[in-house]
Amino acid sequence: MTRGLFILFEGCDRSGKTTQSTRLVQALDDSGIKAKLLKFPDRTTAIGKMIDGYLTQKSKLSDEAIHLLFSANRWEAMNQMRADLESGITLVVDRYAFSGVAFSAAKKLDFKWCKAPDVGLLAPDRVFFMDIHPDDAAKRDGYGEEIYEKREFQIEVRVKFFSMMDSSWSVVDANKDADEIHRQIMVLTKRAFKKQEEDQSSISSL
Ligand code: TMP
């Protein structure tokens, strides 16, 4: 049984991650590849509901406490994610641990401390960074509704993302037309499947 791939979309707020991750899952399904869409934070769980309360500014939490809740929200999904990947399902994930570190480090929490609770989580095979300048993101519908959607903060978050990139990341110009972005992502995804076919690598950890 060939394992599924773990494909991750990261980026600043309103960069088009949700649109593109949804389209990718649809396209994989259409081509006969079993794929599942996951989104972090998963606001449906008990922990996710606490996170939602914080993001929508209904409740207050310290920077450290919300950081740990975001991480716990990933940990509670880990067993199912591993089982899915092992059973051949490709996971397309909308935000993950890199968002966790980028957003908390942008609040000036210690970078090493921010990374610590996510150590041991499953690592993605490919990361697509949807790159948009916060000034352009601010023009998109609904911007400003949640706690982090502020220009200066998003600029800082973007810098933190760039500091974490390695060769498994691709920077995608999120200002382009959605169809063009989708085509680019399909090319990169096919390449990732080909690489996995050749390497047969096992799932690694953060
Ligand atoms: P969303 O808009 O993709 O649902 O994400 C909600 C917000 O939460 C977004 O501003 C990014 C932020 N976030 C963190 O601060 N830490 C995390 O670990 C994750 C996954 C998201």
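**Exercises on helix packing and the ligand shell**

Helix 5 and helix 8 lie oblique to each other (angles under 35 degrees are roughly parallel, over 145 roughly antiparallel, 65 to 115 roughly perpendicular, the rest oblique). The model is predicted: local features need pLDDT of at least 70 and side-chain atom pairs pLDDT 80 or more, while totals for chains, interfaces and linings use all residues. Residues are numbered from 1 along each chain as its sequence is written.

**Exercise 1.** Determine at what angle the axes of helix 5 and helix 8 cross, and which residues make the contact.

*Solution.* 
- Step 1. The axes of helix 5 and helix 8 (residues 151-164) cross at roughly 130° and come within 8 Å (axes are fitted to C-alpha atoms, for helices over the stretch in contact, and angles run from 0 to 180 degrees between N-to-C directions).
- Step 2. The value is read against the classes stated above, and helix 5 and helix 8 are therefore oblique.
- Step 3. Helix 5 contributes F98, V101, A102, F103, A105 and A106, and helix 8 contributes F153, E156, V157, K160, F161 and M164 (contact: C-beta atoms, placed from the backbone, within 7 Å).
- Step 4. This contact of helix 5 with helix 8 divides into 10 nonpolar, no polar and 2 charged residues (Ala, Val, Leu, Ile, Met, Phe, Trp, Tyr, Cys and Pro are nonpolar; Asp, Glu, Lys and Arg charged; the others, Gly among them, polar).

**Exercise 2.** Describe how helix 1 packs against helix 9.

*Solution.* 
- Step 1. The axes of helix 1 (residues 17-30) and helix 9 (residues 178-199) cross at roughly 55° and come within 10 Å.
- Step 2. In helix 1, T19, Q20, R23, L24 and A27 meet A178, I181, H182, I185, M186 and T189 in helix 9.
- Step 3. The contact of helix 1 with helix 9 has 6 nonpolar, 4 polar and 1 charged residues.

**Exercise 3.** List the residues around the ligand and identify which helix supplies the largest share of the shell.

*Solution.* 
- Step 1. D13, F40, P41, L55, F70, R95, S99, G100, F103, E146 and Y148 surround the ligand (C-beta atom, placed from the backbone, within 6 Å).
- Step 2. Helix 5 (residues 97-106) provides the largest share of this shell, with 3 residues.
- Step 3. The shell comprises 6 nonpolar, 2 polar and 3 charged residues.
- Step 4. Two members of the shell, F40 and P41, are joined by a cis peptide bond with omega near 0°.
- Step 5. P41 is placed in the loop between strand 2 (35-39) and helix 2 (46-55).

**Exercise 4.** State how many helices and strands the protein has, and locate R14 among the elements.

*Solution.* 
- Step 1. The protein has 9 helices and 5 strands (DSSP runs numbered from the N terminus: helices H or I, at least four residues; strands E, at least two).
- Step 2. From the N terminus on, the order of the elements is β-α-β-α-α-α-β-α-α-β-α-α-β-α.
- Step 3. R14 belongs to the loop between strand 1 (6-11) and helix 1.
- Step 4. Although R14 is not a glycine, its phi is positive, at about 60°.
- Step 5. The C-alpha trace of the protein spans about 45 × 35 × 30 Å along its principal axes.

Notes: Two residues are in contact if their C-beta atoms, placed from the backbone, lie within 7 Å.
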